[in-house]
Structure formats: structure tokens, C-alpha cells
Amino acid sequence: AREAVLDTSMERLAQLAASRKARLELWLSERLADAAFLASCPHVQSGCRAIAMGTTMEQAESPAEFLGVFSTKFGIYEAIGLYDTAWREIASVGTHGQGVADFALTEVQESLKSSSDAVVGKIHRHANHRLGIHFGAPVLGEGRRPIGYVLTALDYAQAMRHILHDGSGPGTKARCYLATADGLMLTEPDGGAGDTALAVRIDTEGLHRGATGVAGASVYRDHMDREVV
């Protein structure tokens with residue numbers, strides 16, 4: 001009977017892990033596509049070209065209006081910024097809370113310098129303990145040379161709660177979380193507030209299998225001395 005329960009639990013957890021993996025990959029691809037879309041829009045490109053030709057910031061109002069419409073329509077971004085190649089702000093939405101200094105903390109700017117495609121920055125924790133994540137894309141001009149950059153910021157913890165912990169699907173009692181290949185926690189294991197993410201490392205058989213590209217499950221006792229799968 002115990003083996004039958006374990007087999008059922010493992011099957012449900014495998015389904016849950018696969019579905020959350022697919023949702024996470026889709027979410028990442030959508031956020032990268034958003035950044036690439038913004039960087040390719042005529043309003044954004046014309047704003048960057050105008051600044052490069054010496055037009056004043058006050059004359060480049062079209063990008064700001066466009067970014068505002070985009071931000072309002074999708075409603076998931078805390079900040080969107082358009083910058084020239086010297087990282088001077090051309091237009092923005094919400095950057096009074098997260099400006100270029102905040103973007104610099106996640107290495108997204110360094111990644112953009114060597115990429116012609118959209119990139120993602122490191123997950124980070126703000127001074128108010130909230131987790132954030134940044135995406136960016138270069139605005140390309142003639143010869144595919146950067147004439148500016150688009151950067152976006154959003155609440156990472158909230159996004160992960162929606163993807164990993166919305167309670168739908170099999171195994172609603174399961175705790176779903178994200179970790180790096182070397183065990184660094186990237187989300188809070190129960191989907192709530194805490195300081196586990198980016199501060200605690202785990203060491204389980206499941207992690208070792210996943211890190212080597214092998215799916216599987218194991219039974220062990222967790223930090224509350226409960227037997228878990």
C-alpha cells in the first residue's frame with residue numbers, strides 16, 4: 001500500500017513539475033519577446049535616433065507615450081525605461097521607483113553590451129526585501145549597431161506565485177519551487193514572503209538528478225522532519 005501511494009505521488013509530482021516547467025519557459029519567452037518588441041517599435045527607434053542626432057529630450061515625447069500605453073495595456077511591468085547608449089534616460093514609465101541604478105544591479109546592462117537579442121538579468125532582492133527581475137533589448141540602428149536600450153522591471157515573486165503556486169492541476173498540496181543547478185533557491189518554497197530565495201541552498205536527490213538532466217523522485221525528511229516525496 002505504501003509503494004502504491006508513493007507511485008501515485010511521484011506520478012502527480014512529475015505531471016506538476018512538467019506543467020510548471022512549460023509555463024515558466026513560456027513566461028520567460030514572452031517577457032524576452034516583450035523587450036524585443038519594444039526595442040523594434042518605430043516610436044522607440046525614432047526616439048533613439050533623434051537623441052543620437054542631438055534632439056533634446058523634450059522633443060522626444062512620442063516614446064514616452066508609447067511606453068505608457070504598453071505598460072497600461074499589459075499591467076505587469078513595474079518600470080520600463082528607454083536609454084541612449086550612454087545610459088541616459090530618453091523616456092520611461094515607473095522609473096521613479098526603479099531607475100538605471102537599479103538596473104545596473106542585475107548585470108542586464110553588461111549582457112546587453114555584447115548581445116543583439118533580448119536578455120534577462122539576474123534575480124535580485126531590493127532594499128525593501130521584494131524580489132525583482134529585469135529584461136532588456138538593444139535598439140538597433142544602421143548596421144545593427146545599438147542606438148539605445150530598452151529595460152523592463154517586474155515583481156519576480158508575484159510572477160512566480162502565479163506560475164508555480166496557483167493551486168491548479170494535480171497535487172494541490174505540493175510545494176513547487178525553483179532552484180539553480182547548484183541548489184540556490186530562486187523562489188520561496190511555499191510561495192509566500194520570506195528570505196529563503198537567494199540566501200539558502202538545498203541538497204536533495206531531486207536537485208542532483210535535475211542538474212544532470214535526469215527526471216526522477218526521491219523520498220526524504222524535510223526541514224520539519226516530515227517524510228516527503
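E188 is buried, at a relative accessible area of 9%; buried means under 20%, exposed over 50% and partly exposed in between, with a 1.4 Å probe and protein chains only. Before the partner, the ground rules. This is a predicted model, so local features need pLDDT of at least 70 and side-chain atom pairs count only at pLDDT 80 or more, while totals for chains, interfaces and linings use all residues. Residues are numbered from 1 along each chain as its sequence is written, and side-chain values use heavy atoms, with hydrogens and water left out.

The partner of E188 is R125, in a salt bridge at 3.3 Å, N to O. E188 sits in the loop between helix 6 and helix 7 (205–211) and R125 in strand 4, so the pair ties together parts that are 63 residues apart in sequence. Helices (H or I, at least four residues) and strands (E, at least two) are DSSP runs, numbered from the N terminus. R125 is partly exposed, with a relative accessible area of 26%.

A salt bridge here is a side-chain nitrogen of Lys or Arg within 4 Å of a carboxyl oxygen of Asp or Glu. By that rule there are twelve salt bridges. One of them joins E78 and R130 at 2.3 Å, N to O. E78 is in the loop between helix 3 and strand 1, and R130 in the loop between strand 4 (124–125) and strand 5, so this pair ties together parts 52 residues apart in sequence. E78 is partly exposed at 30%, and R130 is partly exposed at 37%. R201 and D182 also form a salt bridge, their closest N and O atoms 3.1 Å apart; both residues are exposed. R2, E3 and E227 are linked in a salt-bridge network.

Now the rings. How many aromatic pairs does a search of the whole structure find? Eight, counting rings of Phe, Tyr and Trp (its six-membered ring) with centres within 6.5 Å; planes under 30 degrees apart are stacked, over 60 edge-to-face, and the rest tilted. F37 and F66 have ring centres 6.4 Å apart and planes at 50°, so the pair is tilted. F37 lies in helix 1 and F66 in helix 3, so the pair ties together parts 29 residues apart in sequence. F37 is partly exposed at 40%, whereas F66 is buried at 17%.

Last, helix 1, residues 2–40. Its buried residues include W27 and R31.

Methods
Expected span 1.5 Å × (residues − 1).
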